[in-house]
Amino acid sequence: MSVELLDGAIILGFIEDDEAFNGSVEVRFSHLDTNQDGLLTYSEMLKELQCFRMMETDFGVDVKTDPDELSRVYNSLFMQFDRDSNGTVDLEVFKAETKQMMVAMANNLGFLPVQMILDEDSFLKKAVDRELTKLKSHNN
Ligand SMILES: [Ca+2]
């Protein structure tokens with residue numbers, strides 16, 4: 001976990017960078033796909049759903065802690081990914097939905113930087129890291 005400054009432009013820059021974005025999503029996918037069958041089940045995706053829930057709520061300011069309520073939230077998030085309701089999510093859908101959620105988040109953030117607590121291996125942290133690397137190489 002680390003605290004980072006984030007704005008919409010950083011997120012959009014990351015999404016539009018195919019190499020960085022696709023690479024991160026593929027690594028994340030294979031990490032989540034614990035039995036390596038190329039598909040994510042609900043339980044395999046649970047960790048990721050927890051991250052997305054953070055995005056959808058007020059960026060970590062989350063008051064819902066009731067376990068039943070939480071599992072409803074995770075279920076509805078998973079159904080968003082599981083478009084054909086067969087209980088699994090493949091890489092292409094995972095990529096497309098992740099992109100869509102991050103675009104929505106970028107739009108919510110706009111151009112005012114906000115401080116967020118980010119997980120080391122989250123997409124948002126990768127977006128921030130990419131921005132920092134870019135700034136560094138620009139200065140050299
Ligand atoms: Ca799997």
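The legends below describe close-up views of a predicted model.

Residues are numbered from 1 along each chain as its sequence is written. In this predicted model, local features need pLDDT of at least 70 and side-chain atom pairs count only at pLDDT 80 or more, while totals for chains, interfaces and linings use all residues.

**Figure 1. Overview of the fold.** The protein has 6 helices and 4 strands. Helices (H or I, at least four residues) and strands (E, at least two) are DSSP runs, numbered from the N terminus. From that terminus, the order of elements is β-α-α-β-α-α-β-α-β-α. Of the 140 residues, 21% count as buried. A residue is buried if 20 or more other C-beta atoms lie within 10 Å of its own, exposed if 12 or fewer, and partly exposed in between; C-beta atoms are placed from the backbone. Among contacts between residues at least 6 apart in sequence, 75% join residues at least 24 apart. Contact here means C-beta atoms, placed from the backbone, within 7 Å.

**Figure 2. Helix H1 against helix H5.** The axes of H1 and H5 come within 8 Å and cross at roughly 155°. Axes are lines fitted to C-alpha atoms, for helices over the stretch in contact, and angles run from 0 to 180 degrees between N-to-C directions. H1 is therefore roughly antiparallel to H5. Angles under 35 degrees count as roughly parallel, over 145 as roughly antiparallel, 65 to 115 as roughly perpendicular and the rest as oblique. The crossing is left-handed; that is, the near helix is turned anticlockwise from the far one by less than a right angle, whereas clockwise would be right-handed. H1 contributes Gly8, Ile11, Leu12 and Ile15 to the contact. H5 contributes Lys99, Met102, Val103, Met105, Ala106, Asn107 and Leu109. By class, the contact has 8 nonpolar, 2 polar and 1 charged residues. Ala, Val, Leu, Ile, Met, Phe, Trp, Tyr, Cys and Pro count as nonpolar, Asp, Glu, Lys and Arg as charged, and the others, Gly among them, as polar.

**Figure 3. Helix H2 against helix H5.** The axes of H2 (residues 18-32) and H5 (residues 91-109) come within 10 Å and cross at roughly 125°. The two helices are therefore oblique to each other. Their crossing is right-handed. Asn22, Val25, Glu26 and Phe29 of H2 meet Leu91, Phe94, Lys95 and Thr98 of H5. This contact has 4 nonpolar, 2 polar and 2 charged residues.

**Figure 4. Two nonpolar cores.** The largest nonpolar core has 13 residues, of which Ile10, Ile11, Leu124, Ala127 and Val128 touch the most other members. A nonpolar core is a set of buried Ala, Val, Leu, Ile, Met, Phe, Trp, Tyr and Cys residues joined through C-beta atoms within 7 Å. H1 (8-16), H5 and H6 (123-139) each give two or more residues to this core. H6 gives the most, with 4 residues. Ile10 touches Ala127, Val128 and Glu131, not counting residues up to four places away in sequence. A second, separate core of 8 residues includes Phe29, Met45, Phe81 and Phe94.

Figure 5. Gln36 lies in the loop between H2 and strand S2 (39-41). Gln36 is not a glycine, yet has a positive phi of about 55°. Ser85, in the loop between H4 (67-81) and S3 (88-90), has a positive phi of about 50°. Most residues other than glycine have a negative phi. Leu112 sits in the loop between H5 and S4 (114-118). Leu112 counts as exposed because it has 7 C-beta neighbours inside 10 Å. The C-alpha atoms of Leu112 and Asp7 are separated by 5.9 Å, although 105 residues apart along the chain.

Definitions and conventions: Contact = placed C-beta atoms within 7 Å.
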